[in-house]
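This report covers salt bridges, nonpolar cores and a surface patch in one protein model. Please have the sequence and the structure open while reading.

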Amino acid sequence: MTGKLMKYEFKSIARLMGILWIALPVCALLLGLTDNRTYNIDNAFFDDILSLVTLILYISVFVAMIAVTTVVIVMRFYKGLMRQEGYLMHTLPVKTWQLITAKGIVSTCVVLISGLISVLSILLLNSLDGLRSLVDVFQSLFATFHEYPDSILSFIELIFFILTGIISGIYHIFVSLAIGHLAKKHRILFSLLSYIGISIVCSVISTKLFALLQPWMTKTSAYTIQIPVANIFANVFEMLQAACLISILFSIIEILIFHFATEYILRKHLNLE
């Protein structure tokens, strides 16, 4: 049933995001072709206007995709579980945690897709040469993996760092909306205040945690990768590995706390608008 929820959720979001996901690479390619074509002095004014228009169009679509991605995640959760649509969702034969998990997974996928398309659009600014550069990057990456197999662990750690950071941010939004929903009036305002308050608390705790673990970070790391670089760079690399691992663990704890808090509020204190 969770899979069906995810399928329904993704289809609903894809209807809104699909146009932007297609438009951004197209705008980037147009801008890349415009800037990389042969400059004609006879049509200088027209060329400058065309470049400016395509640049403005690309930036507008880029900003719109970031804004719409955030708004869609917020509104799909808020309207889907806390307003009129919630009457239907909460009568389905699924538990509350499944509803939250389905929206969390789909929201994570949407953020990842938007992020990948953003990177692709930046590469396309250099026309098709950007895609060739991407192929070169992957070839270099696989060559590094082949020469230094332990570096695969660093890459996996980086992937987990990104994923847990995204999921934590999404659940941060969910729990803020749930806490704001406890208010009798001005629920959106209280949700915003909750988001800010939780951000401050998490920031203070993470700062204290890193300060507490700094001596350990300077002496050890989760694992050691033998790469022939100067000792100072090796030490910095190991510290970054340790910091990344701590950030992953901290994000996982945040995800668990945010998820269970959201699930408890929706299960025990739900008051649909």
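Glu-9, Arg-76 and Lys-103 are linked in a network of salt bridges, a salt bridge being a side-chain nitrogen of Lys or Arg within 4 Å of a carboxyl oxygen of Asp or Glu. The model is predicted, so local features need pLDDT of at least 70 and side-chain atom pairs count only at pLDDT 80 or more, whereas totals for chains, interfaces and linings use all residues. Residues are numbered from 1 along each chain as its sequence is written, and side-chain values use heavy atoms, with hydrogens and water left out.

**Salt bridges**

| Pair | Closest N to O distance |
|---|---|
| Glu-9 and Lys-103 | 2.9 Å |
| Glu-263 and Arg-267 | 2.8 Å |

Helices are DSSP runs of H or I with at least four residues, numbered from the N terminus. Glu-9 also forms a salt bridge with Lys-103, and this pair spans 94 residues, from helix H1 to helix H4 (residues 96–124). Arg-76 and Glu-9 are both buried, and so is Lys-103; buried means under 20% relative accessible area, exposed over 50% and partly exposed in between (1.4 Å probe, protein chains only).

Glu-263 and Arg-267 are four residues apart in helix H8 (residues 231–268), and therefore about one helical turn separates them. Glu-263 counts as buried because its relative accessibility is 11%, while Arg-267, at 43%, counts as partly exposed.

**Nonpolar cores**

In soluble globular proteins, nonpolar side chains tend to be buried together. A nonpolar core is here a set of buried Ala, Val, Leu, Ile, Met, Phe, Trp, Tyr and Cys residues joined through side-chain atoms within 4.5 Å. The largest one has 25 residues, and Phe-77, Leu-81, Met-82 and Phe-174 have the most contacts inside it. H2, H4, helix H6 (151–180), H7 and H8 each give two or more residues to this core, and H6 gives the most, with eight. Another core, of 16 residues, lies apart from it and includes Trp-21, Leu-24, Leu-31 and Leu-124.

**Position of Leu-193**

Leu-193 lies in helix H7 (residues 187–219). With a relative accessible area of 47%, Leu-193 is partly exposed.
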